[in-house]
Amino acid sequence: LEDDLRLVGWRRVKQVQLESLSISAQGLWDEALGLRGRFLGCASLPLVKWVSTLGEALRSLGLVDVLASDAAGARVLACLKLANDDAGWAELVRGAGSVDWDVFVQWVDHAMEQAVFLPSPHPQAQVVVTPLSHALLRPFASVVFPGADSKHCGAPNGLHPLLTTAQAKVFGLPTAEAELAASWAALWQLMRVPRVTMLYRLNDDQDRLLPSSLLERLRLVWSKRPDQPQVVSLPEVRVLRQLNPEPVKASSPVAPHLLPERMSASSYEALRSCPYRFFALRMLGLQTTDELEKEPEKRDYGIWLHEVLLRFHSTRSVPADAVQDADRLRHIARESQQAMGWDDAEFLPYWISLENLIDRYLRWVHQRDAQGVSWVSGELKMSAYPAQWKGVEMHGVIDRLDQRQTPHGTLIELIDYKTNSVQSLKTRVKDAAEETQLAFYAALVLARDPDQSVRALYLPLDDKGEEIKGVDHPDLEEGARRLVEGIGMDLERLRQGAGLLPLGRGSACEHCDARGLCRRDHWAEPLNLDEAAS
């Protein structure tokens, strides 16, 4: 059920469409709604009734026994007053007034936030890592004190770089002398432990290290008190091991048997930007799952805007004036927002973005109306099986298809909505051989009708300019032909056992989900692409 919700991006109950869930997830969702109904069906109840309802819900799921068998789970039951020894608590709150659902949720949150769970391992196996200042008056069987050198223990430090010691004293701020005195007091208090082992390195990079001044002071104090335990210097007990260098090199997996059955524009761009990432995320299917955050994100705004424009154009049978179109566009946007379950307050930033877009977008639409351009379809799923791909399916979803009549016949216009700036899109299509998305969509259309005239453009919706201007692909039909042939050649190379190298450079690595797999940060030397190509 969680996988299904993450895949679609539903974060709220009212967003979920039962028929869109898998069969197994539908059963779980029905069960969840039933449990949820036990609580939401009650307007106001005494707290003891809310807690008993919660206990019944947990028991119906078989969770009470599971929680009770675990130390942390038992603490949860105790926090929620569901443990067996809480009979007196029920009597205490029985006379309390009724509270509504929101107050009960706040009570549960507060109870869980205030509770503290500390595991209780065997005392001999307990290891506590703590700074010296936090070790005061705590019982320890023994202590290991690393870093007892002149650089890390008792070393003077400039607490206030803008103040002298005298000025710090005037303001009542701690001084270096006070910090040293506090460290000495804490160290002296630590000496009550039966066994204390203090360690320090002889050098730190190129710097020679000496014992801490506090350690030397401890030697001096105890040398004058024969009745006290003495500081004993122990020899180095570690054994020197000779390790053979094993540099990490860039891997180049070969997986002709994992060739994908279908290829989209985004998956091919992934192959071009980094073959290893394509191998990990597309061929092995190691996809990450997005968190279900409560607040809407930019991705949700994009999905919503696509839905709004699709409904607006699919129900716009004839052109209307600017005011009517703007009112209808806002009405559709509000309906779509409510259908997706977003509150007005949390969706306000994206609604403002839409308001900034409406006038500019409708001017662009009306200009196209005047030019005889008509909307054909949106969110159009298309697929083809190019002969060069040898059975691999070519598929994609085109944001929008328009058409216009020209002296040479019907011209199909492929439009892809973008939230990038105009300049970034112009840079993207500057080299027609490097731009793949529009060429990919054009190839899908031409596969259906090779004689069709096609134009493709990016439409920047979030650009801050006064007018919306599309960014055309400069050499579309030739680019589509070269793209299909190039992908066919790449697929054939993969079938023949070509290595899927991690390129390890550029923006592709900055937010790559496969970076930990390719071990880029541990390579002994950067990947030489010229040698890799040869």
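Author: Ala, Val, Leu, Ile, Met, Phe, Trp, Tyr, Cys and Pro count as nonpolar, Asp, Glu, Lys and Arg as charged, and the others, Gly among them, as polar. By that scheme the lining of the largest pocket has 17 nonpolar, six polar and seven charged residues. The model is predicted, with pLDDT of at least 70 needed for local features and 80 or more for side-chain atom pairs, while totals for chains, interfaces and linings use all residues. Residues are numbered from 1 along each chain as its sequence is written, and side-chain values use heavy atoms, leaving out hydrogens and water.

Reader: How much space lies in the largest pocket, and which residues are the closest to its centre?

Author: Rolling a probe the size of a water molecule over the atoms shows where empty space is left. On a 1 Å grid over the protein atoms alone, a pocket is an open set of points with protein on both sides within 12 Å along at least five of seven lines, a cavity is a set where a 1.4 Å probe fits but cannot get out, and lining residues have an atom within 4 Å of a point. Points are joined across faces, edges and corners, and the volume is the space filled by probe spheres set on them. Here the largest pocket holds about 1,100 Å³. It is lined by 30 residues, with Thr197, Met198, Leu199, Val232 and Leu234 the closest to the centre.

Reader: Which element gives the most to that pocket lining?

Author: Elements are DSSP runs numbered from the N terminus: helices (H or I) of at least four residues and strands (E) of at least two. The most comes from α10, which gives four residues to the lining of the largest pocket. Both β4 (196-198) and α10 (213-223) supply at least two.

Reader: How many cavities of 30 Å³ or more does the structure hold?

Author: There are three of that size. Two or more lining residues come from each of α12 (275-283) and α19 (515-518). By class, this lining has seven nonpolar residues, one polar and three charged.

Reader: Which residues line the second largest cavity?

Author: The volume of the second largest cavity is about 40 Å³. Its lining consists of His306, Leu309, Leu310, Trp375, Gly378, Glu379, Asp399, Arg400 and Tyr417. Two or more of these residues come from each of α13 (298-314), β8 (374-384) and β9 (393-406). The lining divides into four nonpolar, two polar and three charged residues.

Reader: Staying with α13, which of its residues are buried?

Author: Relative accessible area, taken with a 1.4 Å probe on protein chains only, sets the word: buried is under 20%, exposed over 50%, and partly exposed in between. In α13 the buried residues are Asp300, Tyr301, Gly302, Trp304, Leu305, Val308, Leu309, Phe312 and His313. Their cover includes α14 (322-339), α15 (344-370), β8, β9 and β10 (409-418).

Reader: How far does α13 reach from end to end?

Author: The expected span of a helix is 1.5 Å times one less than its number of residues. With 17 residues, α13 reaches 24 Å from first C-alpha to last, close to the 24 Å expected.

Reader: How many aromatic pairs are found in the whole structure?

Author: Rings of Phe, Tyr and Trp (its six-membered ring) pair if their centres lie within 6.5 Å; planes under 30 degrees apart are stacked, over 60 edge-to-face, and the rest tilted. The search finds 16 such pairs. Tyr301 and Tyr350 are stacked, because their ring centres are 5.2 Å apart and their planes at 20 degrees. This pair links distant parts of the chain, from Tyr301 in helix α13 to Tyr350 in helix α15, 49 residues apart. Tyr301 is buried at a relative accessible area of 1%, and Tyr350 is buried at 16%.

Reader: Why is the pair of Trp304 and Phe347 edge-to-face?

Author: The Trp304 and Phe347 ring centres are 4.7 Å apart with planes at 85 degrees, so the pair counts as edge-to-face. Since Trp304 lies in helix α13 and Phe347 in helix α15, the pair ties together parts 43 residues apart in sequence. Trp304 and Phe347 are both buried. One aromatic cluster is formed by Tyr301, Trp304, Trp342, Phe347, Tyr350 and Trp351.

Reader: Where does His160 lie, and which residues is it in contact with?

Author: His160 is in the loop between β3 (143-145) and α8 (165-170). Contact means heavy atoms within 4.5 Å. Leaving aside neighbours within four places in sequence, His160 is in contact with Ala168, Leu173 and Pro174. His160 is partly exposed, at a relative accessible area of 23%.
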